[in-house]
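Welcome, and take a moment to look over the sequence and the fold before reading on. The report below walks through a few features one at a time.

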Amino acid sequence: MLTHEENELLCRVEGKAPMGQLMRRHWTPVCLIEEVSEPDGTPIKAQVFGEDLVVFRDTNGRVGVMDEYCPHRRVSLVFGRNEDCGLRCLYHGWKMDVDGNVMEMVSEPAASGMAQKVKHLAYPTQEWGGFVWAYMGPQETRPEFQPPAWAPTADAKVTIAKAIIPCNWAQILEGAIDSAHSSSLHSSDMVPARVATGSATETNWLRPSTDKAPRMQIERGTYGFRYAAIRRPITNAATTDYVRSTVFVAPATALIPPNNLYNVANINVPMDDTNTAFYFIAWGHPDQTPDTATWRKFLGQQVGSDLDEKYVPLRNVSNHFWQDRAAMKAGNFTGITGFPNQDIAMWVTMGPIADRTHERLGASDLAVVEFRKQMLEAVKAFRDGAQAIGTGDARIPSSVCSFQAIVPKTTDWRAYEASYVWDAGAPALEPSYSTSTP
């Protein structure tokens, strides 16, 4: 368990909070590219680290991420006119470009030169892997943008489901790196089967083990850590182990063990102290990775049927996350459709910020304990002037990846030569793996 002071240091991200300042030293996803795909289209509101932002694509296709509030009288620019390579405030007609330059001040005399004296807050941006990214830290420390581990090259297909979750980022991250819970919470969706390796179908993820109490082992790195959840396989249990290795990439990314078709990742962006933009990602070879509609249907994360137009889940505490008790009696473990929705129910019912002072942790919580230990060490060091964890030369090496495999008991998972799922010669996804399936 943590003390109250440690919990606050781990979780708080707004304003001058050290964890938020550490996170600002990384390039951060602000929204999906699909949300601002149209030049001169509708601006959107975003929130990151407690800061209100407006995001828009200008006439020439450049994306701007700016302070939501006009520098003049602080009204919202989300309602502004997106036209002629700038965003114009409705109140007095001030117009800013994507770099925060004031292009026009129609309410001021041209001779005043005031427009040249005002600079609106705008952040450097990058588009990659389906996201609009921004660097929100001090510009003198801005690193060059580097592709994330889950979108290493431009030819990788990246498919993303988004949901706005009303709780703190850390309890979501802890769920993503907690391999032990999947054998219980997701047991009706991640089904034990006599398969050679973890496999995906159009309805389930199959895994070759019934073992619900994995042995955990950790290997720490400068970027975060990786760990193995070692289970007893269904076949050849006397001579082999089933290893699922997850990677935590500081400050808020998890590389989740893949299936036989594509790789999986999760990134959690703190909107403020008690709300998080949760992104669940499939990526890999274009022939093997689901498209967006398929992925979101599979996860139960479709806008309209599962989420409102702002990506807020329609399932919530007040409607018991649409839990079906009849289905539970018939054999479904949770009665909640879509395994991310099962996770969301757990995260949200912990409260806006989980009270870690009353927990009772066990051997299966090794990764959670390591996450807290490493991030508290990192944020204290950063507060004292050290470089932010996972930046510069300390960023994750390209050789580090998540994996799952059945291996001989004599194999050390740390030395296992893993690589991401990328098979250009494999057959394309079966037609049944589509949204047309009844």
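Four strands form an open sheet in the order β2-β3-β4-β9, with antiparallel pairing. Its edge strands, each pairing on one side only, are β2 (44–48) and β9 (122–123). Strands here are DSSP runs of E of at least two residues, helices are runs of H or I of at least four, and both are numbered from the N terminus; two strands pair if DSSP finds at least two bridges between them. Strand β4 (residues 63–67) meets β9 in the antiparallel sense over 2 bridges, and Val65 has Tyr123 in β9 as its bridge partner.

Before going further, please note that this is a predicted model, in which local features need pLDDT of at least 70 and side-chain atom pairs count only at pLDDT 80 or more, while totals for chains, interfaces and linings use all residues. Residues are numbered from 1 along each chain as its sequence is written, and side-chain values use heavy atoms, with hydrogens and water left out.

Now to helix α3 (residues 169–176): 8 of its 8 residues are buried, so the helix is largely enclosed by the rest of the structure. Buried means under 20% relative accessible area, exposed over 50% and partly exposed in between, using a 1.4 Å probe and protein chains only. Among the buried residues of α3 are Trp169, Ile172 and Leu173. At the start of α3, a side-chain oxygen of Asn168 comes to within 2.9 Å of the backbone nitrogen of Ala170.

On a 1 Å grid over the protein atoms alone, a cavity is a set of points where a 1.4 Å probe fits but cannot get out, and lining residues have an atom within 4 Å of a point. Grid points are joined across faces, edges and corners, and a volume is the space filled by probe spheres set on the points. There are 2 cavities of 30 Å³ or more. Elements giving two or more residues to the lining of the largest cavity are α3, β15 (205–207), β18 (240–249), β21 (275–284) and α6 (339–349). Of these, α6 gives the most, with 4 residues. For the second largest cavity, the largest share of the lining, 3 residues, comes from β15.

| Cavity | Volume | Lining residues | Nearest the centre |
|---|---|---|---|
| Largest | about 260 Å³ | 22 residues | Gly175, Ala176, His181, Met190 and Ile256 |

Finally, the aromatic rings: the count comes to 24 aromatic pairs. Rings of Phe, Tyr and Trp (its six-membered ring) pair if their centres lie within 6.5 Å, with planes under 30 degrees apart counted as stacked, over 60 as edge-to-face and the rest as tilted. Phe131 and Tyr279 have ring centres 4.7 Å apart and planes at 90°, so this pair is edge-to-face. Phe131 sits in strand β11 (residues 131–135) and Tyr279 in strand β21, so the pair ties together parts 148 residues apart in sequence. Both Phe131 and Tyr279 are buried. Another edge-to-face pair joins Trp133 and Phe145, at 5.4 Å centre to centre with 65° between the planes. Trp133 counts as buried at 4% relative accessibility, and Phe145 counts as buried at 12%. Ring pairs also link a cluster that includes Trp205, Tyr262, Phe278 and Trp347.

Conventions: A polar contact is a pair of N or O atoms within 3.5 Å; within protein, one must be able to donate a hydrogen and the other to accept it, and residues adjacent in sequence count only if both atoms are side-chain atoms. On a 1 Å grid over the protein atoms alone, a cavity is a set of points where a 1.4 Å probe fits but cannot get out, and a pocket is an open set with protein on both sides within 12 Å along at least five of seven lines; lining residues have an atom within 4 Å of a point.
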